[in-house]
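Hi everyone, thanks for coming. Let's take a look at this one together.

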Amino acid sequence: MRAYPALKAALWLSLVASFALPLAAQDKMSSRDVRRYISEAEKAAEDGDLQRAGGLYLQVLDSFPDRSDVRLEVARIYKSMENWANMASEYALAVESLEDEAEIAECYEGMTIAFARTANYMKTIEVGPKAMEMNPQSADVAVGYATALAKTGDIAQAAEIANQALALAPDNAFVHNTIGVAALADGDLAKAETSFTKSLELDASTAEAHAGMADILFRRDDFAGAEAAATKALDLDDKLT
């Protein structure tokens with residue numbers, strides 16, 4: 001589910017509010033209450049009411065913070081909300097005590113994606129290899145890992161991982177952008193331009209690709225074109241530098 005920014009903000013505020021609600025003046029939930037809350041949360045999630053589901057799960061965690069199964073559900077809700085920072089934290093906590101291999105793989109995939117989206121590149125590199133090993137068909141993992149490698153200067157490995165991602169998702173704008181980033185860092189302006197152009201053909205809102213084009217145009221002394229591309233990039237993402 002892709003939520004609009006206002007909706008995501010509303011969901012997040014609701015989760016915080018739900019977390020703060022006392023449970024009938026009890027210090028800790030009973031086992032019966034836990035089962036009831038989880039059952040109600042599952043039903044709310046099935047009905048698409050992530051707001052209520054998240055609040056119920058968070059109240060369970062307030063009493064039982066070691067419930068990795070519940071924490072995994074919270075991580076999934078944060079993922080739906082595109083709340084990357086909290087998604088990474090919840091997956092990282094959940095994976096500590098999970099035993100199911102598929103759930104562990106999901107956690108590593110989620111951490112890699114979320115750390116990359118929040119520009120926490122060292123953490124991305126830390127979990128990326130395990131995530132790729134457990135999720136060999138995940139283009140999102142490959143893109144996140146490759147981006148982190150490129151941003152931290154490991155250009156050769158970034159290009160290698162990005163090309164693996166390209167085989168998995170040839171129409172993914174972020175894959176082409178990552179190949180462009182690696183090529184630009186390596187000084188191959190022609191390859192970088194081709195990759196950034198393809199990225200923008202697939203998704204014109206890829207701010208990083210506009211920023212990459214601005215860099216290329218600047219190096220070619222096309223200052224007007226560079227300014228226009230940089231302005232477009234910042235209009236799309238004012239956190240770019």
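This is a predicted model: local features need pLDDT of at least 70, side-chain atom pairs count only at pLDDT 80 or more; totals for chains, interfaces and linings use all residues.

Residues are numbered from 1 along each chain as its sequence is written, and side-chain values use heavy atoms, with hydrogens and water left out.

So, the salt bridges, meaning a side-chain nitrogen of Lys or Arg within 4 Å of a carboxyl oxygen of Asp or Glu. How many does that rule give? The count is eleven. Take Glu-126 and Lys-123, whose closest N and O atoms are 3.3 Å apart. Glu-126 is exposed at 54% relative accessibility, while Lys-123 is partly exposed at 29%; buried would be under 20%, exposed is over 50%, and partly exposed is in between, with a 1.4 Å probe and protein chains only. Asp-69 pairs with Arg-67 too, at 2.7 Å, N to O. There's also a network of salt bridges linking Asp-33, Arg-36, Glu-40 and Arg-52.

Now the helix pair, with helices being DSSP runs of H or I, at least four residues, numbered from the N terminus. Helix α4 (residues 68–81) and helix α5 (residues 84–95) pack at about 160°, axes 8 Å apart. The two are therefore roughly antiparallel, the label for angles over 145 degrees.

Terms used:
Axes are lines fitted to C-alpha atoms, for helices over the stretch in contact, and angles run from 0 to 180 degrees between N-to-C directions. Angles under 35 degrees count as roughly parallel, over 145 as roughly antiparallel, 65 to 115 as roughly perpendicular and the rest as oblique.
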